[in-house]
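User: I would like to go through this protein step by step. Please begin with the terms and then take my questions in order.

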Amino acid sequence: MKKEKQAKRALPVGIRKAGKSVGIAILVLMLLVLAANISLTAQKYTKPDDVPSIFGISPLFVMSGSMAPAIKLDDLIFFKPVNTDDLKIGDIIIYAPPENSRYVVTHRIVSILYDEDNRRVFLTKGDNNTDIDTAPVDTDQVLGIYFARIPRIGKLVEWFIIRPNGVVICVALPLVLFLVIDLLRRLFGKKYRLSEGEVKDELQYLRSLTADLTVPTQPAQTDDDAQDGVLQPDNPEEK
């Protein structure tokens, strides 16, 4: 009885592709976070008086509930530069308070006035506040206009960007993921690949199976077996 050998099968193609796609997506995401981290951190030290931005878009972590429910505590919000002449009542603006502060304010415009130099000034109010802000906002104080938010991830992003442990993870995690993905690829590649000896055994086994299915052919006639172009029968008794 011939010995049959089974080749080890690889994981289904769909699972392998899905795993590879997920790994690449996570790696790309962490690299983007790392790039954003480096850019924002560099701007924080090179331009301490400006709000850091990426391609003109600045992220902020909401540290109060004054704008609830439109913007809530611990939300991550984004704002972009704006021409103050285009601002109108109802817009949510980000501005630097008149006092020297490391924080900025995100409030809604409730009224637009003009000063003695006929320049626009804005009266603002938090949606969750009962009173209008006491100090009007000059156009020079306006940093931008709010346009988007991601709920409840402000603390997480702040941890990754500001805290030393988060910065270390942003640097180390992409490298670790790359090494893990490469290790798995190498392990699975070796595990599911037949050796040279196994390939020869498989070929020999397949040849033995196909040999039994081969139809025997009649041997070819020689010149001595033919007369006047007529082939002679194989059996001498039939001559």
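Analyst: Two strands pair if DSSP finds at least two bridges between them. Helices (H or I, at least four residues) and strands (E, at least two) are DSSP runs, numbered from the N terminus. This is a predicted model, in which local features need pLDDT of at least 70, side-chain atom pairs count only at pLDDT 80 or more, and totals for chains, interfaces and linings use all residues. Residues are numbered from 1 along each chain as its sequence is written, and side-chain values use heavy atoms, with hydrogens and water left out.

User: How many helices and strands does the protein have?

Analyst: From the N terminus on, the elements run α-β-β-β-β-β-β-β-α-α-α-β-β. The secondary structure comes to four helices and nine strands.

User: What is the bridge partner of Ile-93 in β4?

Analyst: β3 pairs with strand β7 (residues 142–150) in the antiparallel sense over three bridges, and there Ile-93 stands opposite Ile-145. Four bridges join β3 to strand β4 (residues 105–114), and these two run antiparallel. In β4, the bridge partner of Ile-93 is His-107.

User: Does Thr-84 count as buried or exposed?

Analyst: Thr-84 lies in the loop between β2 (76–80) and β3 (92–95). Buried means under 20% relative accessible area, exposed over 50%, and partly exposed in between (1.4 Å probe, protein chains only). Because its relative accessibility is 16%, Thr-84 counts as buried.

User: Which residues does Thr-84 touch, not counting residues up to four places away in sequence?

Analyst: Contact means heavy atoms within 4.5 Å. With residues up to four places away in sequence not counted, Thr-84 touches Arg-120, Phe-122, Thr-139 and Val-142.

User: Over the ring of which residue does the charged end of Lys-80 sit?

Analyst: A charge sits over a ring if NZ of Lys or CZ of Arg is within 6 Å of the ring centre and within 35 degrees of the ring normal. The charged end of Lys-80 is 5.3 Å from the centre of the ring it sits over, that of Phe-147.
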